[in-house]
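Please look at the structure shown below, and follow the charged side chains as the text moves from one part to the next.

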Amino acid sequence: MTHHADGTTARKPLRWGRSQWGRTHPGAWWHAAPLGIVLTVTLSIAFSLIGFDAEQRRLALGIGLLCFAGPALALAWIVVVDRSTIRGAVDRPEETVENIWWDRATQRTLYDVVVVVGVGAAVLSLTGWEVTAVTALMALAGLIAADVAIRYVLARRAG
Amino acid sequence: MQNSLMVRRQERGWSQQFLAEQLGVSRQTVISIEKGRFDPSLPLAFRLAEVFGCRIEDLFSP
């Protein structure tokens, strides 16, 4: 941390940024990790208590911990971090070409999803196949994630 | 849209990274503008003009 003559302090940027909480603004993970762990455990316990009997509860808890850890830690980091303290972060991300690529990718993904959902609904209704809502939603979520990634790469290549 | 960004930047001996930091955007953004692949927003165009000490129309031409 650098102290200036005018009394302000410039916080040295870190790879993962600094926390926006506390006076000393430590590395973001000092606050994000405990918060993420608490969130992971809470969600995993709730997951294991809902819809699982006593015999399966431990297994459900373990699966919950594995599945929730990544998203919960990432969410905690997003909440905690002061983005201006991330090393290499730009001041105006909304004006970058990367932001244009992202907008283009998400916009085109929306069109793709409309087509896929429409065609999928037509195929299912004509063939009489039955797919559970959970399966359909998971497939849709996977499709959206993959489509955005592919569309972003294509937008980047196009410039 | 054509622009004279690369010429003006090189005249001053600035790197793309330096210019990007002055503008508050990524280096890739500067690269894309110089290649004419990306038209900057109006606020960014104003900052470019300010950094180079000229008018927007001196930097960009349709």
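In this predicted model, Asp58(B) forms a salt bridge with Arg55(B), and the closest N and O atoms of that pair are 3.3 Å apart. Asp58(B) is partly exposed, with a relative accessible area of 32%, whereas Arg55(B), at 51% relative accessibility, counts as exposed. Side chains of opposite charge can pair when their charged atoms come close. Over all chains, the count comes to five salt bridges.

Another of these pairs is found in chain B, where Arg9(B) forms a salt bridge with Glu34(B), with 2.4 Å between the closest N and O atoms. Because Arg9(B) lies in helix α1 of chain B and Glu34(B) in helix α3 of chain B, the pair ties together parts that are 25 residues apart in sequence. Arg9(B) is buried, with a relative accessible area of 7%, and Glu34(B) is buried as well, at 10%.

Glu34(B) leads us to the helix in which it lies, α3(B), which is mostly covered, since six of its eight residues are buried. Among the buried residues of this helix are Val30(B), Ile31(B) and Ile33(B), along with Glu34(B). What covers them includes α3 (97–127) of chain A, together with several elements of chain B, among them α1 (5–11) and α4. After α3(B) comes Gly36(B), whose phi is positive, near 75 degrees.

The cover from chain A brings us to the place where the two chains meet, a contact that takes 13 residues from chain B and 11 residues from chain A. In chain B, Gly24(B), Arg37(B) and Phe38(B) lose the most area to chain A, together 40% of what that side buries. The area buried between the chains is about 950 Å², and carbon and sulfur atoms give 53% of it.

The side chain of Arg18(A) does, however, reach the backbone oxygen of Lys12(A) at 2.8 Å.

Conventions
Residues are numbered from 1 along each chain as its sequence is written. Chains are lettered from A and ligands numbered from 1 in the order in which they are written. This is a predicted model: local features need pLDDT of at least 70, side-chain atom pairs count only at pLDDT 80 or more; totals for chains, interfaces and linings use all residues. Side-chain values use heavy atoms; hydrogens and water are left out. Contact means heavy atoms within 4.5 Å. Buried area is the accessible area (1.4 Å probe) that two parts lose on being put together, summed over both. A polar contact is a pair of N or O atoms within 3.5 Å; within protein, one must be able to donate a hydrogen and the other to accept it, and residues adjacent in sequence count only if both atoms are side-chain atoms. Buried means under 20% relative accessible area, exposed over 50%, partly exposed in between (1.4 Å probe, protein chains only). Helices (H or I, at least four residues) and strands (E, at least two) are DSSP runs, numbered from the N terminus. A salt bridge is a side-chain nitrogen of Lys or Arg within 4 Å of a carboxyl oxygen of Asp or Glu.
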